[in-house]
Amino acid sequence: MGKARPRGGLAKPSPNPFEVKVNRQKFQVLGRKTRHDVGLPGAARARAIRKRTQTLLKEYKERDKSNVFTDKRFGEYNSSISPEEKMMKRFALEQQRQHEKKNIYNLNEDEELTHYGQSLADIEKHNDIVDSDSDAEERGTLSAELTAAHFGGGPLHLGRKTTQDGEEKSKPKSRKELIEELIAKSKQEKRERQAQREDALELTEKLDQDWKEIQSLLSHKTPKSENREKKEKPKPDAYDMMVRELGFEMKAQPSNRMKTEEELAKEEQERLKKLEAERVRRMLAKDEDENVKKPKHISADDLNDGFILDKDDRRLLSYKDGKVNIEENILEEQNREAGGQESEEEGDHAESAEDEGGGESSGDPEESDGPDSHSDLESDRESEDGDEKPSKERQQSHGKRLTGGCREARDAASSQLPYTFAAPESCEELKALLSGRSAAEQLLVVERIQKCNHPSLAAGNKAKLEKLFGFLLEYIGDLALNEPPDLKVIDKLVVQLYNLCQMFPESASDSMKFVLRDAMHDMEEKLETRGRAAFPGLDVLIHLKIAGLLFPTSDFWHPVVTPALLCMSQLLTKCPVTTLADAVKGLFVCCLFLDYVALSRRFVPEVINFLLGILYIATPNKQSQGSTLVHPFRALGKNSELLLVLDKVDIASWRGGGLSLHWATESSSLPAAEANHARLSCLAVCLALLKRCMLLYSALPSFHAITKPLRALLAERLVDCSCPRDLQELSQSILSEMDAQKQLCQPLVCEKSKPVPLKLFTPRLVKVLEFGRKQGSSKEEQERKRLIHKHRREFKGAVREIRKDNQFLARMQLSEIMERDAERKRKVKQLFNSLATQEGEWKALKRKKFKK
């Protein structure tokens with residue numbers, strides 16, 4: 001007997017033993033549940049392919065389709081409902097859709113009855129429908145008017161038919177007659193419209209006249225009511241007055257376009273050249289009209305043998321109204337020229353007469369008896385002698401005045417500043433141009449050099465002005481080294497340096513870096529040779545000041561300002577203060593530092609250290625608890641009390657004031673009183689800078705740590721020493737500002753250790769958890785690890801499925817490509833076959849023709 005089949009259907013086929021895969025384990029663990037120990041990879045693969053074919057392949061084939069067909073039939077995809085139930089339900093829904101009320105608030109709405117899909121109400125409305133099956137003869141016939149309108153030629157034919165009798169038919173009109181009738185009819189309608197328009201216009205005019213009469217009756221009122229109801233006109237508001245004034249204001253007139261920088265520079269150069277030419281002419285005492293040709297003296301016996309036409313004065317001959325046309329303007333010009341020539345000739349004749357009279361009087365008396373002595377004119381000359389003598393004296397005095405005025409004008413022109421200058425090729429040439437002149441003249445010379453050598457005027461002017469910036473820097477350094485330094489001239493020339501820096505920033509930065517580099521090299525050489533370096537001269541300090549004026553100091557990094565900051569920091573840290581001039585220079589550098597960091601608020605420890613050292617050497621040496629000096633200052637030594645003032649008379653006579661840069665020169669030897677005043681001024685400037693630092697760095701978290709040495713020094717020494725009252729008050733205000741600042745940061749403190757508890761003998765109970773890798777973890781940690789493991793497993797499974805989907809799509813795409821290639825090969829082969837067949841038929845036909 002065979003085995004009994006299981007209930008509920010056919011038995012599952014036994015799998016092929018070669019397709020069964022057994023996952024063997026290395027070790028058998030008691031109590032462990034094993035899953036997937038036996039699998040059917042072939043069946044699983046076939047099932048996955050079938051599922052992807054039904055889902056993924058369907059989506060892939062419909063990827064380029066935008067329309068979707070949705071089947072909304074009731075129960076179409078519900079297999080639990082039988083077909084009869086589906087039909088009954090669908091019929092019920094259709095009836096419900098037809099019989100439901102269109103408006104739920106209309107209570108009188110009845111059901112619509114139909115016959116063969118048509119509403120009975122619509123059928124009842126069409127009572128005049130022609131019934132072709134009717135036996136009545138007159139039923140369904142059309143009227144003559146309707147037939148003529150639709151089939152008889154239009155409304156013209158209908159109109160023609162209505163004018164005639166019913167029995168007789170009129171003769172049809174030609175096309176010309178119809179057009180003439182249509183034109184006459186249109187003209188008749190136009191005349192009627194014109195008549196209607198004229199009638200309407202006459203009625204309108206009549207109505208206007210009647211309204212004017214009525215309006216005149218309505219407008220007049222009794223004088224009493226007019227006086228009562230008379231209202232004052234409102235005064236115009238300020239806004240209305242302004243609007244009216246704006247209406248009468250002059251509108252803006254168009255002006256010329258703004259000139260470019262090149263055009264302005266060219267105009268300025270031409271103006272300066274013109275002024276220079278005028279100055280040179282005045283210096284050389286040249287007359288403006290010297291190039292104008294003057295008429296020569298003509299004597300009475302001159303026959304005009306050497307007459308030469310100066311200009312072509314021929315005129316064009318023209319006639320006007322039969323007469324010669326003479327231009328009036330030409331005649332007037334000739335009259336004016338003749339008058340000017342006569343006046344000049346009279347002056348020349350007078351001078352020649354004077355010369356001749358003098359010559360004759362000096363000659364011998366015998367010559368007067370000669371034939372050419374003009375004896376007949378002697379009586380006239382003698383009578384005129386009385387008049388000529390005073391005129392000679394007047395002319396001589398006038399000539400002396402003229403020569404004196406020319407000499408004064410020539411001297412003034414020679415001493416006047418030239419208007420054009422060539423760009424200097426070296427610093428010596430610039431010094432030669434500017435030396436011996438006032439500050440205003442030097443500034444004017446530099447301005448004119450820039451205007452005459454503007455870059456837009458010539459190709460090489462840019463290089464010349466770039467060199468001029470370096471020459472000006474060197475010249476300013478020389479002015480700073482003078483005794484005393486020309487600070488006013490330097491202040492004026494900084495403006496020109498700024499203009500050149502704006503025009504050529506790159507070359508200006510290179511020149512400034514070159515100057516600073518030279519100063520740093522000199523200081524480094526001194527440090528290497530001597531081991532210490534003194535403060536540089538006033539020229540380097542002026543150059544540092546100019547760098548802060550020409551370039552932005554608030555940048556985090558700048559090619560000029562950053563080296564300048566490094567240079568100043570080296571000066572404050574490596575140059576010891578041995579003299580009063582060193583203290584003045586150091587305080588000047590501190591002022592420059594604070595000017596540099598005024599916007600960026602960058603902390604500069606060198607400034608704080610230097611001010612601390614200045615305060616130390618300005619007070620008596622005592623051992624301090626809260627302040628410590630660093631290089632270049634020393635707590636004890638020769639210069640430890642350099643700025644200390646003990647003379648009470650000098651302290652009482654000091655009136656305050658700032659530091660003068662004249663004190664920074666090494667060669668200046670100051671009297672004792674003035675030196676003490678300079679020391680007190682250094683202390684005052686130091687306190688002012690310290691107060692400025694307090695305002696600048698008050699927002700720093702480490703403010704109290706920074707100012708702690710200063711606070712100790714001010715509280716212990718400066719307040720108790722014999723300083724002027726103003727300095728003591730200033731130090732007290734600084735101390736009060738330091739104390740008023742809040743502590744923004746808390747100091748670091750070691751964490752307090754927890755107290756050690758007493759040892760107890762109560763046993764500690766520990767829950768025994770699962771051993772192995774998860775030993776020692778809590779329940780929450782186990783749940784977290786389980787979720788992480790599950791997430792990792794699902795993630796790997798998702799990646800595996802995506803990889804299989806991509807492989808399936810790749811196979812489908814490859815099969816499509818192969819099908820397209822096979823179809824293409826088949827079509828190509830078919831074409832080749834057809835072409836071969838045609839070729840064979842053509843050759844057979846050709847052979848047949850040759851045989852014939």
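Q: Why is the pair of Lys545 and Asp595 said to tie parts together?
A: Lys545 lies in helix α18 (residues 538-550) and Asp595 in helix α20, so the pair links parts 50 residues apart in sequence. Helices here are DSSP runs (H or I, at least four residues), numbered from the N terminus.

Q: How do you know what to trust in this model?
A: The model is predicted: local features need pLDDT of at least 70, side-chain atom pairs count only at pLDDT 80 or more, and totals for chains, interfaces and linings use all residues. Residues are numbered from 1 along each chain as its sequence is written, and side-chain values use heavy atoms, with hydrogens and water left out.

Q: Why is Lys545 called partly exposed?
A: Buried means under 20% relative accessible area, exposed over 50%, and partly exposed in between (1.4 Å probe, protein chains only). Lys545 has 31%, so it is partly exposed. Asp595, at 32%, is partly exposed too.

Q: What makes Lys451 and Glu268 a salt bridge?
A: Their closest N and O atoms are 3.3 Å apart. The pair ties together helix α14 (residues 439-452) and helix α10 (residues 261-283), because Lys451 lies in α14 and Glu268 in α10. These parts are 183 residues apart in sequence.

Q: Is Glu268 buried or exposed, and how do you know?
A: Its relative accessible area is 18%, so Glu268 is buried. Lys451, at 33%, is partly exposed.

Q: How do you know that Glu823 and Arg826 are about one helical turn apart?
A: They are three residues apart in helix α26 (residues 779-851).

Q: Why is the pair of Phe603 and Tyr697 called edge-to-face?
A: Rings of Phe, Tyr and Trp (its six-membered ring) pair if their centres lie within 6.5 Å; planes under 30 degrees apart are stacked, over 60 edge-to-face, the rest tilted. Here the centres are 5.2 Å apart and the planes stand at 75°, so the pair is edge-to-face.

Terms used
A salt bridge is a side-chain nitrogen of Lys or Arg within 4 Å of a carboxyl oxygen of Asp or Glu. Helices (H or I, at least four residues) and strands (E, at least two) are DSSP runs, numbered from the N terminus.
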